Amino acid sequence: RFMTDMEVSDEEQLDQRTCRVAAIILAAGCSQRMGADNKLLLKMGDHTLVRSSVQNVIASKVQSTIVVLGHEAQQVAAALEGLDYQPEFNEDYFEGMSSSLRAGIKAAEGFDAVAILLADMPKIEPKILDALLAVFAQQESSSIVVATHGGKRGHPVIWPALFFPDLMTLHGDTGGKQLLREYSDQVIEVNVDTDSIFMDIDTRSDLAAANLQPAKRI
């Protein structure tokens with residue numbers, strides 16, 4: 001396991017070689033802990049939560065942005081009107097997060113890697129994803145690149161195409177944590193200066209806190 005710093009030089013930022021990375025934003029869930037409301041459609045500042053999340057990813061250096069839709073797909077798509085992204089409908093969204101991962105991976109066929117993000121994490125700034133992309137582009141072998149803060153892993157996570165078959169085997173309401181443990185010797189951690197990589201919005205109190213408090217930095 002290697003630890004690197006978020007501060008990547010301009011020269012490294014530009015040396016993206018021919019790596020083609022697609023972002024997959026998981027936006028298909030039912031947001032049950034928010035009650036009757038779809039949390040992705042609630043306002044955070046001037047925009048809906050989902051629009052804020054997707055705009056941040058589009059502003060990064062990924063080559064394509066795939067948004068996996070499911071629960072209230074039409075309403076979520078309407079909230080993203082005018083943005084440059086590829087919608088992918090997951091008809092099995094009720095099976096949990098793994099089904100959306102599988103749908104996103106299928107849509108990303110032909111890319112060298114995917115960056116996995118959650119639509120309920122609207123405070124992940126473009127520069128965080130760009131730092132991970134720069135580190136990924138420097139690797140000679142296929143390594144998984146994950147954002148960390150204070151020694152704890154969060155999102156995004158960049159998965160090389162080598163791991164697509166493993167991601168396709170996941171089932172239930174789970175992401176890639178199990179695979180991160182399984183392939184721990186192939187994980188590169190990028191230390192970032194903000195706790196926004198953990199800030200997902202599940203409840204109204206989470207939303208209120210996100211609206212009122214900036215992400216903590218060190």
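In this predicted model, ring pairs join Trp159, Phe163 and Tyr183 into a cluster. A pair of aromatic rings is described by how far apart the centres lie and by the angle between the planes. By this rule the structure holds 3 aromatic pairs. In one of them, the rings of Tyr93 and Phe94 have centres 6.0 Å apart and planes at 70°, so this pair is edge-to-face. Tyr93 has a relative accessibility of 24% and therefore counts as partly exposed, while Phe94, at 60% relative accessibility, counts as exposed.

Arg20 lies over the face of Phe111, at 4.2 Å from the ring centre, and Lys152 lies over the face of Phe198, where the distance from the ring centre is 4.9 Å.

From here the reader can turn to strand E2, which covers residues 21-27. Why is E2 described as largely enclosed by the rest of the structure? The reason is that 7 of the 7 residues of this strand are buried, and a residue counts as buried when its relative accessible area is under 20%. Looking along the strand, one finds that Val21, Ala23, Ile25 and Ala27 point one way, whereas Ala22, Ile24 and Leu26 point the other way, and all of these residues are buried. Strand E7 (residues 113-118) pairs with E2 in the parallel sense over 6 bridges, and within E7 the bridge partner of Ile24 is Ile116. Strand E5 (residues 64-69) also pairs with E2 in the parallel sense, over 6 bridges, and here Ile25 stands opposite Val67 of E5.

Beyond E2, in the loop that runs between E2 and strand E3 (43-44), lies Leu40. With a relative accessibility of 5%, Leu40 counts as buried. Once its neighbours within four places in sequence are left aside, Leu40 is in contact with Ala27, Thr48, Leu49, Val50, Ala119 and Asp120. Leu40 and Ser52 are 12 residues apart along the chain, and their C-alpha atoms are separated by 9.6 Å.

Another loop, the one between strand E6 (86-89) and helix H4 (97-107), contains Asn90. Is Asn90 buried or exposed? Its relative accessibility is 3%, and therefore Asn90 counts as buried. A polar atom of the Asn90 side chain lies 2.9 Å from the backbone nitrogen of Asp92, and a polar contact of 3.1 Å joins the side chains of Asn90 and Ser100. Leaving aside neighbours within four places in sequence, the residues in contact with Asn90 are Val68, Leu69, Gly70, Ser99, Ser100 and Ala103.

The last stop is helix H5 (residues 126-137), which has 12 residues and reaches 16 Å from its first C-alpha to its last, close to the 16 Å expected at 1.5 Å a residue. In an α-helix there are 3.6 residues a turn, so residues three or four places apart point the same way. H5 is mostly covered, since 10 of its 12 residues are buried; among them are Ile128, Leu129, Leu132, Leu133, Val135 and Phe136, together with Asp130.

Terms used. Residues numbered from 1 in each chain as written. Predicted model: local features only at pLDDT ≥ 70, side-chain atom pairs only at ≥ 80, totals over all residues. Heavy atoms only, no water. Phe/Tyr/Trp six-rings, centres within 6.5 Å; stacked < 30°, edge-to-face > 60°. Buried < 20%, exposed > 50% of the residue type's maximum accessible area, 1.4 Å probe, protein only. Lys NZ or Arg CZ within 6 Å of the ring centre and 35° of its normal. Helix = DSSP H or I, 4+ residues; strand = E, 2+ residues; numbered from the N terminus. Pairing = 2+ DSSP bridges. Polar contact = N/O pair within 3.5 Å; in protein donor to acceptor, adjacent residues only side chain to side chain. Contact = heavy atoms within 4.5 Å. Expected span 1.5 Å × (residues − 1).
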